[in-house]
Amino acid sequence: MSADDNHLQHEDADQAVVAARLLVTVTGRLRRRLREHQEAGLTPSQTSVLSRLDKHGPSTAAALAAAERVRPQSMGATLGALEDAGMVRRDPDPQDGRRLVVSPTEAGTAWLERRRTEREDWLVSTLRERLDEAQTADVVRALEHLERSVLA
């Protein structure tokens, strides 16, 4: 199907349906491409747990398992691997010394920052290479509309 045929199909369709389908397709592809441009070393589940700890602060293994929707045994394995890699540490819970809370280490926080920077640098470079300033401004406006309406 040519770009013109694709454009004609979009004119005849409900624009909200077209936008939703394009958005799902684009975000999925972008997520895969961003994963390709990041520092290796952690699995997606390990990265997710480390990111959650960085964003939301220290947590128990049980709370992390619930938040990540995995079994406690799976979370234990994930945390063990992160701890072995020096990305997290476990300390006694100040409110209940029988429990342990998990926190990112300086190395874990630094890894996340490098990952974010690598992904952002790749995306900035790609946008600059493939879009002119007017097209980039259109993308910014569209994303601002999405953020205000859909993600609010």
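Biologist: What makes Asp132 a cap on the N-terminal end of α7?

Modeller: A side-chain oxygen of Asp132 lies 3.1 Å from the backbone nitrogen of Ala134. A polar contact is a pair of N or O atoms within 3.5 Å, one able to donate a hydrogen and the other to accept it; residues adjacent in sequence count only if both atoms are side-chain atoms. This is a predicted model: local features need pLDDT of at least 70, side-chain atom pairs 80 or more, while totals for chains, interfaces and linings use all residues. Numbering runs from 1 along each chain as its sequence is written, and side-chain values use heavy atoms, without hydrogens or water.

Biologist: How does the reach of α7 compare with the span expected?

Modeller: Helix α7 (residues 133–149) has 17 residues. Expected span is 1.5 Å times one less than the number of residues.

Biologist: Why are α3 and α6 called roughly perpendicular?

Modeller: Helix α3 (residues 44–56) and helix α6 (residues 106–130) pack at about 105°, axes 10 Å apart. Roughly perpendicular covers 65 to 115 degrees. The pair therefore qualifies.

Biologist: Which residues make that contact (heavy atoms within 4.5 Å)?

Modeller: Thr47, Leu50, Ser51 and Asp54 of α3 meet Gly108, Thr109, Trp111, Leu112, Arg115 and Arg116 of α6. By class, three are nonpolar, four polar and three charged.

Biologist: What about α3 and α5?

Modeller: α3 and helix α5 (residues 72–84) pack at about 80°, axes 10 Å apart. They are therefore roughly perpendicular as well. Among the contact residues are Val49 of α3 and Met75 of α5. Here six are nonpolar, three polar and none charged.

Technical notes. Axes are lines fitted to C-alpha atoms, for helices over the stretch in contact, and angles run from 0 to 180 degrees between N-to-C directions. Helices (H or I, at least four residues) and strands (E, at least two) are DSSP runs, numbered from the N terminus. Angles under 35 degrees count as roughly parallel, over 145 as roughly antiparallel, 65 to 115 as roughly perpendicular and the rest as oblique. Contact means heavy atoms within 4.5 Å. Ala, Val, Leu, Ile, Met, Phe, Trp, Tyr, Cys and Pro count as nonpolar, Asp, Glu, Lys and Arg as charged, and the others, Gly among them, as polar.
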